Amino acid sequence: MSKINFKDYLKDCIKMVVECHDEDINDCKMAQQLKECSNYGQLADVMVSWEFWEEDERYENLQYIK
């Protein structure tokens, strides 16, 4: 996978979360928290806190971000 910019990665994560939770984006609390993220560290904290990622995925997924 080639590197992508953070904003595109964030959009993809939000889309995936909304689809997995089968909720409207406005009703999905996790998606709302993700929308507030401005960097990968914040995004990873949200993904781990909601148990969407394991802790080690935080570092594995970082390789895809510019």
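Here is a quick look at the aromatic ring pairs in this predicted model.

The count comes to 2 aromatic pairs. One of them joins Y9 and Y40, with ring centres 6.2 Å apart and planes at 50°, a tilted arrangement. Y9 sits in helix α1 (residues 6–21) and Y40 in helix α3 (residues 40–49), so this contact ties together parts that lie 31 residues apart in sequence.

Y40 also pairs with W53, again in a tilted way: 6.1 Å from centre to centre, with 35° between the planes. Here too the pair links distant parts of the chain, since Y40 belongs to helix α3 and W53 to the loop between α3 and α4 (55–62), 13 residues apart. Put together, the ring pairs join Y9, Y40 and W53 into a cluster.

Y9 comes in at 8%, so it is buried. Y40 has 10% relative accessibility, so it counts as buried as well. W53, at 7%, is buried too.

The two pairs look like this side by side:

| Pair | Centre to centre | Angle between planes | Class |
|---|---|---|---|
| Y9 and Y40 | 6.2 Å | 50° | tilted |
| Y40 and W53 | 6.1 Å | 35° | tilted |

So why do both get called tilted? Planes under 30 degrees apart would count as stacked and those over 60 as edge-to-face, so the rest, in between, are tilted.

Conventions:
Residues numbered from 1 in each chain as written. Predicted model: local features only at pLDDT ≥ 70, side-chain atom pairs only at ≥ 80, totals over all residues. Heavy atoms only, no water. Phe/Tyr/Trp six-rings, centres within 6.5 Å; stacked < 30°, edge-to-face > 60°. Helix = DSSP H or I, 4+ residues; strand = E, 2+ residues; numbered from the N terminus. Buried < 20%, exposed > 50% of the residue type's maximum accessible area, 1.4 Å probe, protein only.
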